[in-house]
Amino acid sequence: MAELFGGIEGGGTKFICALGTNTGEILAETRIPTTTPADTLSRCVDFFEEQATTFGNISAIGIASFGPLDPRLDSDKYGHILPTPKAGWSNADIVGTFKKAFDIPIGFDTDVNGAALGEWRWGAAEGLNNFVYLTIGTGVGGSAMINGELVHGLLHPEMGHISLVRQENDSAESVCPFHDDCFEGLTSGPAIENRWGKKADTLHTGHPAWEMEASYIARALRGFICTLSPERIVLGGGVMSQEHLFPLIRKKTLEELNGYVQSPQILEEINDYIVPVTLDGKAGILGAFLLGEYALKN
Ligand code: ADP
Ligand code: ZN
């Protein structure tokens with residue numbers, strides 16, 4: 001019998017909890033609304049207690065959470081949500097809550113790193129040691145694996161907040177409260193809606209929104225290619241479900257690089273270089289099982 005892992009994908013609207021294995025099998029799953037930390041986390045604890053009664057002992061739990069958060073093991077604030085505008089969640093002790101309830105290893109990382117891990121083990125970045133994963137949805141988040149390790153650094157990367165050069169014909173206000181020119185502020189789903197006055201999923205494929213969107217994303221990818229030298233870039237999130245964006249982004253990324261990066265993977269195989277996610281929304285929870293597995297091993 002394969003070892004059992006608990007996985008949590010903690011988001012701003014819901015916490016998805018699942019029981020599964022490190023081979024990517026999901027045995028049970030539930031969705032718990034994100035209300036207060038006390039209410040939401042105690043319902044997550046109840047779920048895993050029930051699952052352990054049905055399926056047997058859980059070896060470890062991995063948590064991939066919304067942030068900002070502190071993933072540094074040696075920090076006083078390890079496992080906590082850092083100050084956030086999300087009411088009630090500033091300083092919530094996520095890992096501590098589960099440690100109190102279960103005497104097993106608890107893994108903890110960002111939701112974006114969780115999804116990147118899932119795509120790495122079973123999806124679009126399988127077998128790579130260096131890649132970038134970006135999600136473009138309600139916000140923009142990014143994750144980088146370098147030499148087989150996800151980058152944490154000071155806290156964790158905030159790739160959605162790099163600055164972009166505004167397009168000349170774009171006077172729309174940024175939706176990021178911190179920056180008037182950042183990747184998230186200009187390209188997230190809410191940014192598209194704010195600029196064009198219509199929900200992103202209602203804009204037809206020929207709408208000028210997409211040309212602009214692809215230009216901004218390509219500019220950002222140039223930055224990540226030139227700083228991190230990824231072997232592939234995986235793009236997910238609600239906005240990237242617009243499949244017609246991919247050919248546009250690939251073309252514009254080649255234009256942005258302008259022949260400078262002399263790699264056949266980019267120059268000749270761009271269709272395999274900039275790719276969509278393949279786990280269809282399951283990457284986060286599967287990655288959470290892997291965070292549990294890492295916690296058990298380390
Ligand atoms: P989240 O980022 O909240 O985890 P998603 O990645 O699904 O979730 O992003 C949701 C956002 O993506 C929505 O607010 C919307 O702006 C945008 N979105 C969702 N579906 C589409 C679509 N089919 N086309 C374009 N944009 C979409
Ligand atoms: Zn920003």
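Guide: Asn91 sits in the loop between E4 and H2. Helices here are DSSP runs of H or I with at least four residues, strands are runs of E with at least two, and both are numbered from the N terminus. The model is predicted: local features need pLDDT of at least 70, side-chain atom pairs count only at pLDDT 80 or more, and totals for chains, interfaces and linings use all residues. Residues are numbered from 1 along each chain as its sequence is written, chains are lettered from A and ligands numbered from 1 in the order written, and side-chain values use heavy atoms, with hydrogens and water left out.

Asn91 is not a glycine, yet its phi is positive, near 65 degrees. At 38% relative accessibility, Asn91 is partly exposed; buried means under 20% relative accessible area, exposed over 50%, and partly exposed in between, with a 1.4 Å probe and protein chains only. The loop between E4 and H2 also holds Pro68. The peptide bond leading from Gly67 into Pro68 is cis, its omega near 0 degrees.

Next comes the helix. At the start of H2, the backbone nitrogen of Gly96 has a side-chain oxygen of Asp93 within 2.8 Å. This pair is a polar contact, meaning N or O atoms within 3.5 Å; within protein, one must be able to donate a hydrogen and the other to accept it, and residues adjacent in sequence count only if both atoms are side-chain atoms. Gly96 is also buried, as are Ile94, Val95 and Phe98 in H2, which spans residues 94-101. The cover over the buried residues of H2 includes strands E1 (4-10), E4 (60-65) and E5 (106-110), together with helix H1 (37-55); contact means heavy atoms within 4.5 Å.

Ser229 lies in the loop between helix H6 (208-228) and strand E9 (233-236). Its relative accessible area is 54%, so Ser229 counts as exposed, whereas Asn91 counts as partly exposed.
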